[in-house]
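Dear colleague,

I am handing over the structure below, and my notes on it follow.

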Amino acid sequence: MDIEILIRASAFALVFAAMAAWEIVAPRRKLTAGRKPRWPSNLGILVVDVLVVRVLVPTAAVGAALFAAGRGWGLLHLAGLRLSVAALLGFLVLDLTIYAQHVVFHKVPALWRLHRMHHADLDIDVTTGLRFHPFEILISLGVKVAIVLAFGIPVVAVLLFEVVLNATSIFNHANVAMPAALDRVLRLVLVTPDMHRVHHSIVRRETDSNYGFNLLWWDRLFGTYRAAPQAGHERMTIGLPIFRDPKELRLDRLLTQPFRDPGAVEPERT
Ligand SMILES: [Zn+2]
Ligand SMILES: [Zn+2]
C-alpha cells in the first residue's frame, strides 16, 4: 500500500508541476479571480479530502482489487480472461463508471449540491481539477470499490486508472494554450482542456455536457459531446450563476456550499 501511495503522489506532483508551469508560460485565458484567492482553498480542499479518506476509509480501490484477486471474485475472474484483456476491459469499465457517475451527480438534485462546489470556481485551472467536496470523494470511492469487486478488476488496471484519472483531471482543467492541431489529435481519444472548459461554462446546457474525464468516447457515444462554448473560450464565463461572491472561494465556504443557498446567506439588503 505504501508503494501505491508513493506512485500516486509522485505522478501527481510531476503532472501538477508540469501543467502549472505550462499555465504560467502559455495561459489560454486571462484569469478573472486569479490564483491568490483560489489556490490556497483549492489545494486546502485536496488536503481535507486526503485526510477524510485516510481516516474514514479502510481501503482504497486498489485494496478492493487485491481483495477480489485473492478470492477470485468478479465477472472478469469468472470469465477466465488473460490478464492483459481483463486489465484493458477493467480500465474501460472504470472510465465508463466515472462518466456515468458524473452524469448522475448533475441530474440528481441532492448530488448536484455536492458536485456544484466543483463548478462554483470562478476560474478554471490546474487546481480546479482537485476541487471536489469530501462527500463527493467518499461516494465516488464507494462506487469504485463496488465496481472493482463486482467485476474483479485486476490490481494493475485499478492502480493505473487511479494514476491516470488524477493526471487527466489536472491536465483537462489546466488553463493552457495548445496548438489547435494538437487539440484535434488528442480529441480522437482524450478529453482536452478546451473540451472540459465547456463543462465549466455558466450556461447550463454547456455545464451539462462533456462529462468525460479520461476518454472522450463516452460523450460521443451518449450524445453529451459539445465541441466548444458558444461565447468562445476567451469570452465565456466560468462558474455558476450562484456563488459568484469572491468570498465563496474561501475553504470554509467550499465545505458548506452544499448545505447553503446563496439567497439564504446573502439576503438582499434594501
Ligand atoms: Zn460536473
Ligand atoms: Zn471539472
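Contact here means heavy atoms within 4.5 Å. This is a predicted model, in which local features need pLDDT of at least 70 and side-chain atom pairs count only at pLDDT 80 or more, while totals for chains, interfaces and linings use all residues. Residues are numbered from 1 along each chain as its sequence is written, chains are lettered from A and ligands numbered from 1 in the order in which they are written, and side-chain values use heavy atoms, with hydrogens and water left out.

Leaving aside neighbours within four places in sequence, Arg 29 is in contact with Asn 175, Arg 197, His 233, Glu 234, Arg 235, Met 236 and Ile 238. A polar atom of the Arg 29 side chain does, however, lie 2.7 Å from the backbone oxygen of His 233.

Elsewhere, the structure holds 16 salt bridges, including one between Glu 4 and Arg 8 at 3.0 Å, N to O. Glu 4 is buried, with a relative accessible area of 8%, whereas Arg 8, at 29%, counts as partly exposed. Asp 121 and Arg 38 meet in another salt bridge, at 2.7 Å, N to O, and both residues are buried.

Definitions and conventions
Polar contact = N/O pair within 3.5 Å; in protein donor to acceptor, adjacent residues only side chain to side chain. Salt bridge = Lys/Arg side-chain N within 4 Å of Asp/Glu carboxyl O. Buried < 20%, exposed > 50% of the residue type's maximum accessible area, 1.4 Å probe, protein only.
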